[in-house]
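Here is a short tour of one protein chain, meant to be read with the model open beside you.

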Amino acid sequence: MPEGQFEIDIKKYKRTVTLMDDDFMSLCLNECIPCTQVMINIILGRSDIHVKKVETQRFFQGFERSLKVDVFAEDESGKLYNIEVQNSDEGTDPRRARFHGAVIDAHSLKKGQKFKELPETYIIFITRNDVFGFGDMLYRIERHIEGRNERFDDGQHIIYVNTSAAEDGSSLWKLIHDMKCDDPNEMFIPEIAERTSFFIETQKGEMNMNAYLAEVVEAREKAAELRRARNIVLSLLEVGKMTLEEIARCSGLAIAEVRRLASGRE
């Protein structure tokens with residue numbers, strides 16, 4: 001994006017952006033314990049959860065597919081929280097929640113630790129639409145022993161917050177309202193109003209937003225370039241007339257990545 005054009009886009013972006021934009025939510029919640037803490041407590045119907053650290057856009061290296069999460073937090077008891085905004089139904093598949101939990105689990109147990117030491121995790125999807133179609137504002141998924149009224153307590157909890165649910169005046173509805181609201185002066189929750197106001201209404205906040213979104217644009221451009229290079233490799237492998245070394249030179253990818261892509265086709 002040309003210099004100057006980005007500044008104009010930022011000013012337009014500021015006037016309409018809400019926390020339902022995952023980039024803006026990541027910016028607002030990054031290292032912001034008060035906002036993250038109040039959000040988690042409201043979603044879980046609690047008031048006693050104390051977040052000790054939070055980071056956004058955290059990258060987890062998977063085995064075949066990696067994972068970048070919008071918000072990753074830990075409370076004082078060691079419980080872990082992954083919060084994701086999903087505006088598209090495509091991103092709300094139950095198996096995506098399963099994948100998030102699996103990758104986070106794989107990074108949460110150190111060598112030599114017992115499985116019972118695996119931390120309790122909460123995978124929270126905040127969705128624009130009603131994923132399950134029952135009209136509920138919150139869906140909490142827990143495992144149970146079939147045929148018995150007993151939980152299978154493996155420590156993983158999956159939660160969907162439906163932001164299209166009807167207004168009921170509850171704390172959860174007020175959180176949903178604030179996440180969809182583009183005016184901090186009309187928000188209910190002080191922590192969220194103050195944080196969004198900083199980025200939307202102050203010069204320092206605008207500079208921080210500008211720098212953050214410039215990084216987002218750059219990262220997405222690099223990801224797009226990588227996808228294009230991989231597609232070139234796959235096309236050349238399909239033709240089958242070039243050596244792996246020649247394909248690496250044509251695509252600009254490292255020979256190790258070309259070999260990995262080639263082995264995945266076998």
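## Helix 4 and its surroundings

Let us start with packing: the buried residues of helix 4 lie against strand 1 (51-60), strand 2 (67-75), strand 3 (80-86), strand 4 (121-127) and strand 8. Helices here are DSSP runs of H or I with at least four residues, strands are runs of E with at least two, and both are numbered from the N terminus. Contact means heavy atoms within 4.5 Å. Buried means under 20% relative accessible area, exposed means over 50%, and partly exposed is in between, with a 1.4 Å probe and protein chains only.

Which residues of helix 4 are buried? They are Ala-97, His-100, Gly-101, Val-103, Ile-104 and Asp-105. Helix 4 covers residues 94-106, and its 13 residues reach 19 Å from first C-alpha to last, close to the 18 Å expected at 1.5 Å a residue. That expected span is 1.5 Å times one less than the number of residues. At the N-terminal end, Asp-93 caps helix 4, with a side-chain oxygen 2.7 Å from the backbone nitrogen of Arg-95.

## About the model

This is a predicted model, in which local features need pLDDT of at least 70 and side-chain atom pairs count only at pLDDT 80 or more, while totals for chains, interfaces and linings use all residues. Residues are numbered from 1 along each chain as its sequence is written, and side-chain values use heavy atoms, leaving out hydrogens and water.

## The chain as a whole

The protein chain has 9 helices and 8 strands, and its C-alpha atoms fill a box of roughly 65 × 60 × 40 Å along the principal axes. Of its 266 residues, 41% are buried. Among contacts with a separation of 6 or more, 56% are between residues 24 or more positions apart.

## Asn-162 in strand 8

Strand 8 (residues 156-162) includes Asn-162. Is Asn-162 buried or exposed? At 2% relative accessibility, Asn-162 counts as buried. Its side chain reaches the backbone nitrogen of Asp-130 at 3.4 Å. A polar contact is a pair of N or O atoms within 3.5 Å; within protein, one must be able to donate a hydrogen and the other to accept it, and residues adjacent in sequence count only if both atoms are side-chain atoms. Leaving out residues up to four places away in sequence, Asn-162 touches residues including Thr-127, Asp-130, Tyr-139 and Ile-176.

Ser-26 sits in helix 2 (residues 22-29) and is buried, with a relative accessible area of 0%. The side chain of Ser-26 reaches the backbone oxygen of Asp-22 at 2.9 Å. Beyond four places in sequence, Ser-26 touches Thr-56, Gln-57, Asp-70 and Tyr-212.

Cys-32 belongs to the loop between helix 2 and helix 3 (33-44). Cys-32 is buried too, at 9% relative accessible area. Setting aside neighbours within four places in sequence, Cys-32 is in contact with Val-54 and Arg-195.

## Helix 6

The buried residues of helix 6 are Ile-192, Ala-193, Thr-196, Ser-197, Phe-199 and Ile-200. An α-helix has 3.6 residues a turn, so residues three or four places apart point the same way.
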